[in-house]
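I opened my notebook to look at how two chains meet. Here is the structure I worked from, followed by my entries.

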Protein chains: 2
Amino acid sequence: MATGDEISNKRIIFRDYISGFPKESDMVPTTDSIKLKVPEGSNSVLLKNLYLSCDPYMRGRMTPSDSYVPAFTPGKPISGYAVSEVIDSGNPNFKKGDYVWGIVGWEQYSLIENPHPMALMKIDYTDVPLSYYTGILGMPGMTAYVGFHVLASPKKGESVYVSAASGAVGQLVGQFAKLMGCYVVGSAGSKEKVDLLKNKFGFDDAFNYKEEHDLAATLKRYFPKGIDIYFENVGGKMLEAVLTNMALHGRISVCGMISQYNLEQPEGVNNLMQLIVKRVRMEGFIVSDHYHLYPKFLEMMKQHFMEGKLVYVEDTVEGLESAPAALIGLFTGRNVGKQVVRVSHE
Amino acid sequence: MATGDEISNKRIIFRDYISGFPKESDMVPTTDSIKLKVPEGSNSVLLKNLYLSCDPYMRGRMTPSDSYVPAFTPGKPISGYAVSEVIDSGNPNFKKGDYVWGIVGWEQYSLIENPHPMALMKIDYTDVPLSYYTGILGMPGMTAYVGFHVLASPKKGESVYVSAASGAVGQLVGQFAKLMGCYVVGSAGSKEKVDLLKNKFGFDDAFNYKEEHDLAATLKRYFPKGIDIYFENVGGKMLEAVLTNMALHGRISVCGMISQYNLEQPEGVNNLMQLIVKRVRMEGFIVSDHYHLYPKFLEMMKQHFMEGKLVYVEDTVEGLESAPAALIGLFTGRNVGKQVVRVSHE
């Protein structure tokens with residue numbers, strides 16, 4: 001409904017707080033209008049959103065809990081990481097035509113008032129597709145870097161286990177581990193994903209956790225000498241099985257616990273004594289605490305890309321209206337690789 | 001039954017593996033005989049045991065599990081830390097009249113073959129009672145030091161919570177925390193122990209966990225801004241309540257989980273997501289991995305003793321035959337302070 005110099009702006013509105021699994025109807029498409037100019041004299045940036053990122057942590061924002069990111073506001077758009085093009089700017093750090101990545105509303109156009117330098121980052125390196133900044137070069141890429149390289153202190157020859165291994169973060173952790181000279185095994189929820197892990201991402205081995213009835217025994221088979229590093233994306237019974245199989249002085253980087261996000265009552269983990277028995281260090285982290293390391297990460301990644309050492313798989317759906325189903329699909333494992341929504345063509 | 005130059009040697013024999021709470025009848029007093037000389041040409045040391053240490057970890061040795069210390073052998077004496085006097089030695093590192101601390105059998109006299117330098121340590125500093133080497137200057141003291149100073153990286157002004165706080169380890173952790181300029185609260189299981197924490201050990205505050213029906217709410221009251229360091233001795237529901245109350249970037253040193261040792265099925269901890277939300281580092285340790293730090297620890301402790309900065313409470317029972325009940329008492333909280341058994345007078 002453009003009036004005057006306004007044009008229509010499709011948006012996805014967060015309906016209300018939920019419990020249990022999110023449904024498509026929790027996210028309501030609507031159409032507003034927006035002026036394609038920043039207010040005179042303002043510090044704002046007007047963005048045309050190109051790619052939206054679907055990430056598991058967003059489930060936490062659908063519940064009014066004391067999570068590490070603020071909950072969504074009912075009646076306002078869903079928000080999340082995205083890649084966008086600057087179409088107008090009153091801010092000295094951004095100009096028309098710049099590409100940026102950061103947090104925006106799920107909408108075609110976003111007006112960002114007083115952007116924080118860490119919340120909206122300019123994209124300078126464009127030898128890779130822009131969508132990579134929702135994943136391998138964005139928040140999930142940094143997450144893999146922080147959890148693996150910064151927290152887990154990996155050493156050549158160590159044994160690494162990654163759960164949810166074909167996702168945006170997991171696929172990169174596995175590749176980092178191989179580049180370090182580690183032995184790495186991943187788990188995922190379908191034959192297709194397991195094939196990807198073994199044949200595309202170069203994991204030494206992989207298994208479909210849905211086909212295993214005794215996860216502790218499965219892990220014992222893949223890690224007869226124990227797991228030195230576990231990159232935790234899953235939680236619950238998987239964590240319990242891992243604890244039983246940790247090697248002495250093992251490290252667990254706790255990135256997420258996707259198996260628990262939609263449960264009314266989380267599963268209890270009953271063998272934490274293994275932390276003592278095996279002298280394990282288990283550490284939770286939030287990637288945004290570590291964004292000061294982004295330039296260092298980016299340099300490393302450029303080098304890897306130049307040498308052709310990284311592969312990356314995205315699962316892209318078309319159109320803002322496809323975003324709710326894509327987000328929900330994360331929790332049933334529908335996506336194969338990083339889930340991206342293309343809102344506009346570049 | 002002394003024959004020739006042998007004399008009688010009372011011992012406490014481990015009957016058989018158990019499940020659930022240990023009972024006195026699991027430890028059987030018996031009398032053997034022993035020659036008070038080391039075998040000709042051997043490397044052995046013959047000890048007269050003065051003080052035995054009762055420690056919670058010993059429960060783990062009563063079950064044939066893959067714990068961090070080997071299980072006791074049915075039919076052989078219970079073994080544990082003790083302070084002893086050398087009465088004969090074929091070993092160049094020890095001579096008659098030396099006092100030592102280390103691991104021996106629960107018996108009046110122990111013959112130690114080829115003592116490992118880390119398993120039997122000579123006592124040089126004797127300005128404090130010898131029994132201190134079963135506690136504040138022995139394994140439990142080092143445990144407090146490693147878990148607090150080495151792993152938890154304490155800083156002045158931080159908030160510290162200690163469970164099982166009046167025990168051998170807890171009482172010292174609280175004092176270390178006060179010496180660092182931290183705010184420290186302890187919990188214990190009786191009014192008498194809570195009084196000790198507040199009035200003798202100098203904790204800023206303390207509570208009786210048995211009188212609290214909502215541990216998470218209790219901790220919230222004592223730590224409105226959250227817990228920076230938790231020294232974990234208890235596990236289970238206590239750990240769950242603590243996780244809910246951790247401050248950002250908190251540290252948990254996992255020393256023990258005494259509430260779980262006698263359960264057939266350990267309690268599940270269902271809020272490990274808090275590790276992420278609060279960016280918590282949780283680390284299990286075994287003190288013996290850190291014994292190379294003992295000289296540094298001892299220097300620090302001597303200094304504290306000279307300046308009169310440490311207090312220490314022992315609960316001493318008399319006679320080897322009292323040892324089984326004393327050990328069992330740890331799991332019902334019968335002891336007040338470090339549980340010691342005096343076997344012989346010095």
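**Notebook: the A/B interface**

I began with a salt bridge: Arg279(B) pairs with Asp289(A), and their closest N and O atoms are 2.6 Å apart. My rule for a salt bridge is a side-chain nitrogen of Lys or Arg within 4 Å of a carboxyl oxygen of Asp or Glu. Between chain A and chain B I count two salt bridges.

A note on the ground rules: this is a predicted model, where local features need pLDDT of at least 70, side-chain atom pairs count only at pLDDT 80 or more, and totals for chains, interfaces and linings use all residues. Residues are numbered from 1 along each chain as its sequence is written, chains are lettered from A and ligands numbered from 1 in the order in which they are written, and side-chain values use heavy atoms, with hydrogens and water left out.

**Entry: extent of the interface**

I looked up contacts, meaning heavy atoms within 4.5 Å, and found 31 residues of chain A touching 30 residues of chain B. The two chains bury about 2600 Å² between them, 64% of it on carbon and sulfur atoms. Buried area here is the accessible area (1.4 Å probe) that two parts lose on being put together, summed over both. Which three residues supply more than any other three of the area that chain A buries against chain B? They are Asn270(A), Ile276(A) and Arg279(A), with 23%.

I then checked polar contacts across the interface and got six residue pairs, both partners at pLDDT 80 or more. The rule asks for N or O atoms within 3.5 Å; within protein, one must be able to donate a hydrogen and the other to accept it, and residues adjacent in sequence count only if both atoms are side-chain atoms.

**Entry: which elements take part**

Strand E12 (246-254), helix H6 (273-277) and strand E13 (281-284) of chain A each give at least two residues to the side that touches chain B. H6(A) gives the most, five residues. Helices (H or I, at least four residues) and strands (E, at least two) are DSSP runs, numbered from the N terminus.

**Entry: strands across the interface**

I see E13(A) joined to strand E13 of chain B by three bridges, running antiparallel. Strands pair if DSSP finds at least two bridges between them. Glu283(A) stands opposite Arg281(B), and Arg281(A) stands opposite Glu283(B). Within chain A, E12(A) and E13(A) pair in the parallel sense over four bridges, with Ser253(A) opposite Glu283(A).

**Entry: symmetry**

A turn of 180° and a shift of 0.0 Å along the axis give an RMSD of 0.0 Å, which is the relation of a two-fold axis. In chain A, the C-alpha nearest the axis belongs to Gly268(A), 1.9 Å from it. The copies meet through the same surface, because 97% of the interface residues of chain A are also interface residues in chain B.

Definitions and conventions:
Least-squares fit on C-alpha atoms with pLDDT ≥ 70 in both.
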